[in-house]
Amino acid sequence: VCPCMHAWVWACVDTVQYDEEMAERESDLRSIEITKMVSDWAATLDERSHAKTARRYVATKKEEMRLANQELTAVRRAQLQALYAAEQQQYKDEYEEMGMTFYKERA
């Protein structure tokens, strides 16, 4: 075996070992980057969760207020209709006592 050939084999072995070490380091670096990404994601998860909960709460309250206003409007409308019907009946009774009637136009 030629001595120069022997040196070339050792150079190849050194190169392969160097490449393997670099590949392992790159793998470790990727692993660290992924761990950091997961850590950052977990850190912001709580903030995002609170923000979503707050948005849901606000939306729910808006919907409740809309429904409450709608219900209140319906109640007021019913009370006004009852009031107008009572007033109309009162006027009708007073006119009947005076011998008068309301003129009703036929539709």
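Predicted model: local features only at pLDDT ≥ 70, side-chain atom pairs only at ≥ 80, totals over all residues.
A residue is buried when its relative accessible area is under 20%, exposed when it is over 50%, and partly exposed in between (1.4 Å probe, protein chains only).

View 1. Residues are numbered from 1 along each chain as its sequence is written, and side-chain values use heavy atoms, without hydrogens or water. Helices (H or I, at least four residues) and strands (E, at least two) are DSSP runs, numbered from the N terminus. Of the 107 residues, 0% count as buried. The accessible surface (Shrake-Rupley method, 1.4 Å probe) comes to about 10,400 Å². Carbon and sulfur atoms hold 59% of that surface.

**View 2. R48, K52, R55 and R56 form a positive surface patch.** Patch residues have over 30% relative accessible area and no salt bridge; like charges are joined within 9 Å, nonpolar side chains within 5 Å. A salt bridge puts a side-chain nitrogen of Lys or Arg within 4 Å of a carboxyl oxygen of Asp or Glu. K52 sits in helix 1 (residues 3–97). K52 is partly exposed, at 49% relative accessible area.

**View 3. Y91, Y95, M98, M100 and F102 make a nonpolar surface patch.** The patch covers about 510 Å². Y95 lies in helix 1. Y95 is partly exposed, at 31% relative accessibility.

**View 4. T101 lies in the segment after helix 1.** T101 is exposed, with a relative accessible area of 70%. Ten residues separate T101 and Y91 along the chain, and their C-alpha atoms are 9.6 Å apart.

How values were computed: Lys, Arg positive; Asp, Glu negative; His and termini not counted. Charge placed at Lys NZ, Arg CZ, Asp CG, Glu CD.
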